[in-house]
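Reader: Please give me a close look at a single part of this model. Start with the overall layout, then work down to the detail.

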Amino acid sequence: MLPGFGPALGFTLLYLSFFVLIPLAALVLRPWEAGFGHFWAVISDARTLDALRLSFGASFIAASINAVFGTIVAWVLVRYDFPARRLLDALVDLPFALPTAVAGIALAAIYAPNGIIGSLFAPMGVRIAYTPLGVMIALIFVGFPFMVRSIQPVLEDLDLEAEEAAATLGANRLRTIWQIVLPAIAPAILAGFSLALARAVGEYGSVIFIAGNIPNVSEIAPLLIVIRLDEFDYAGAAAVGFVMLSISFLLLLALNTLQDFISRRGRS
Amino acid sequence: MSLVISNIKKQFGRFPALNDVSLFAEDGEFLALLGPSGSGKTTVLRIIAGLEQPDSGAVSFRGEDLLATPVRRRGIGFVFQHYALFRHMTVEQNIGFGIHAKPARSRPSSAEIKSRVGELLTMMQLDTLGKRFPSQLSGGQRQRVALARALAIEPKILLLDEPFGALDAKVRRELRAWLRDLHERTGLTTIFVTHDQEEALEIADRVALLKQGALEQVGTPEELYHEPASAFVFDFLGDTIQLPCTVDGGVAVIEGFGVPILGAHPEKGPAMAYLRPDEFEVETGEGAGLAARIRDISLVGPHASLDCALDRGGAIEIRLEHDEAEKLSPRERVRLLPRRTRVWALPA
Amino acid sequence: MSRSATRRDPGWMVNALIVVSVIYFALVLLLPLGTVFAEALRKGLGAYLAAIADPEAQSAIWLTLIVTAIAVPLNTAFGVAAAWAVTKFEFWGKNALVTLIDLPFSISPVISGLVFVLLYGAHGWFGALLDNYNVQIIFTVTALVLATTLVTLPFVARELIPLMQSQGADEEAAAVTLGAGAWRTLFFVTLPNIRWALMYGVLLCTARAMGEFGAVSVVSGHIRGQTATMPLQIEILYNEYNSVAAFSLASLLAFFALVTLAIKTALEARFADDLAAQRLR
């Protein structure tokens, strides 16, 4: 029977209503105000579909690449000791701490045709900045910490005895890692994947500078929202936002279910 | 009567924790709430403190309705099972917390607070530990800090929730005696919750035994031990051996051997005999009694424990003095003669 | 200790993996970080300092600090209140509440800005009402504060809730039996027990608030000198091909990010002692 429940809960609910519930209501209700026809026109428009495809597609690929290398980095940080390990460990969170606009212009500068890396590929006719490829690279930067930080704690808590048992039974290191370690950390990898994906889909600042923003080619979904707002098409902007949110929600639901399934299999 | 609890009912969701419990405590009395886990004893304590609200019923202290008062104004000292010391405060700060929390009008000066805390440190034999933090103290020391903290606010009642639960046996016994002593000095009405019957019987003035949310029996330790109101009370307060019997003319007949019955008992017919392991005679050779074979003899402290297999089936463990047990040996055939028994109806 | 794997795994594997990791690190993280500073100093220290001293840059810095100074305390108060309600009491709908608190964390910042335009913009639900009273929210500092507050809303609460959950409410119950009221209990018993987590949450909240771009971009109107925070000013400068100025301003934020990381690491070392419950960032 502690005191303060009423005021604390009251303030919390008020705050959430003002900042989350009412704004969310606007997002859910406004897409339809210009009629279902307009809603449909907006979201089935080729430009919208291409933008959604780019946002979700690039995010998916970026998260997958992070899944592979993020696992390696997490493994190295947890299992091995080498100079500067602690420094690298601290730096993992850089994309998390660095403002998105700062990362955005830096990445654009690096991969532009005259940038450090862009200039290596320009002679071959490969353009990175201002193309979907650039978008994907920016999203790799953004999702990196989510992957590593999801896997690290699980790796740290892993029971070494299982690996030692495998060794005594004659398995070599690679087999042990493939058959014993990876299945154990699979749920964590999936969790990190979901987080990286969710973050990448909505990312704006890191991507907007390196994306070409060419409609139907290198335009990300969040930019479409901004453009529609500039045109005062509030319903249309809300429609794009609503669809983005819905797809993300369904994706996360699917990934969470998959994660549950995998971790339950390992448990019973 | 200082504390009166009437017809308390409390449910947690669908779990009935207390079912119409009524109890009282005299001024200055040391009352123990005893019972197995789930019996509701801690719930009663927390209701008195105000940490839970009963669904129905009344609680009053010296005529004043306690339920209408919020926790912080009840003037109750509560010692938690795991002490709940403020981990980021020193021992002195812990003890002085309640005094500082008093409303400005009734708050003593800093100097007075300091001296009061000092007194309590001395009373609890914590003199040198004032500046330590709880993590630097032993279990017994933390216990005493928790007590000192509760006493610092000069409470009207002192409540203790399984105060010695987390301590090892030797420390428990020392603190038990010490708590009793403290009670003599402070004269505070004290109620403490425990599942350890030995503890309750040793230090309490009166014991209230609860079972599944209802009061089974209340009385002095002697009354509970020597005049148990039910089989549950008998069984809870000491080691028990249960043997089916037949009641006939005021005697319990077990395997043809008649045993005198103590206290009330069911009328003629089948019933259950409840015996104490140290109330048996052991005889060798032919004759009356429960036929058995000794499986093992072991020494348990000042007694000898005999594990016996009954001819009729089953095994029981009885207790003898060392010199009696010395005359016997394992695998020997004997006859067990209960000296007396209590009898209650067969369990449903 | 698991680090002994350095000895257990085959040498070639250890070396290969470390090399791969370091290269990935360098490419993905260090290169962008280095680029910020390299580009900022491309025309020398003089140009760098001039860019930062520029009145518009100064105004952007100032605006960023003001918006952060409002959003962070608001969200801290919210975080403490929400954590108090959720972890010290039982009530129906707790899960839904925690999900709602986490929501801003998983939606695009652009959407966080969009929703305020949908509510308070010229054609917003409350647009006409605001217009009647001559109040403007969108394209003003107020909108920046609202958008930033929404984006950083969960940060403090997310740090506090798991920790306070694992700490239980025993000490608070003890304080109340000793006569303490709600505020005394909160300040003297609860807050000292969560101070590292609180500091950590405030730190993350601050870092994110200062660097927020997407949400404020939508609601600000990019009015230079008035509603351009540092990230927005960086965008403006970059789009004008004023690369050095953009990166100079960016370098300040990058430096702050490094300081944030350093404090974060230090707090984590301390924090781990303090019985941190498991949490996903």
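Author: Chain A has 13 helices and 0 strands. Helices are DSSP runs of H or I with at least four residues, strands are runs of E with at least two, and both are numbered from the N terminus. The model is predicted: local features need pLDDT of at least 70, side-chain atom pairs count only at pLDDT 80 or more, and totals for chains, interfaces and linings use all residues. Residues are numbered from 1 along each chain as its sequence is written, while chains are lettered from A and ligands numbered from 1 in the order in which they are written.

Stay with chain A for a moment. Of its 268 residues, 50% count as buried. Buried means 20 or more other C-beta atoms within 10 Å of the residue's own; exposed means 12 or fewer; partly exposed lies in between; C-beta atoms are placed from the backbone. Two residues are in contact if their C-beta atoms, placed from the backbone, lie within 7 Å.

Chain A also meets chain C. There, 70 residues of chain A are in contact with 79 of chain C. Helix α1 (residues 5–29) of chain A gives the most to chain A's side, with 14 residues. That side has 56 nonpolar, 7 polar and 7 charged residues. Here Ala, Val, Leu, Ile, Met, Phe, Trp, Tyr, Cys and Pro count as nonpolar, Asp, Glu, Lys and Arg as charged, and the others, Gly among them, as polar.

Now the close look: helix α3 (residues 110–123) of chain B. At 1.5 Å a residue, its 14 residues should span 20 Å, and its end C-alpha atoms are 20 Å apart, which agrees. The expected span is 1.5 Å times one less than the number of residues. The buried residues of α3(B) are Val117(B), Leu120(B) and Leu121(B). Why do they share a side? They cover an arc of only 105° around the axis, which puts them on the same side of α3(B). That arc is taken over the directions from the helix axis to the C-beta atoms. An α-helix has 3.6 residues a turn, so residues three or four places apart point the same way.

What do the buried residues of α3(B) pack against? Their partners are α2 (91–100) and α4 (139–152) of chain B. The face turned away from the buried side carries the exposed residues Ala111(B), Glu112(B), Ser115(B) and Thr122(B). After α3(B) comes Gln125(B), with a positive phi near 55°.

Chain B has strands too. One open sheet of 4 strands runs in the order β2-β1-β4-β5, with antiparallel pairing. Two strands pair if DSSP finds at least two bridges between them. The edge strands are β2 (15–25) and β5 (64–65) of chain B, each pairing on one side only. Strand β4 (residues 56–61) of chain B is joined to β5(B) by 2 bridges. Phe61(B) stands opposite Glu64(B) in β5(B).

Elsewhere in chain B, strand β15 (residues 280–283) has a covered face, Phe280(B) and Val282(B), and an uncovered one, Glu281(B) and Glu283(B). β15(B) pairs antiparallel with strand β19 (residues 333–338) of chain B over 4 bridges.
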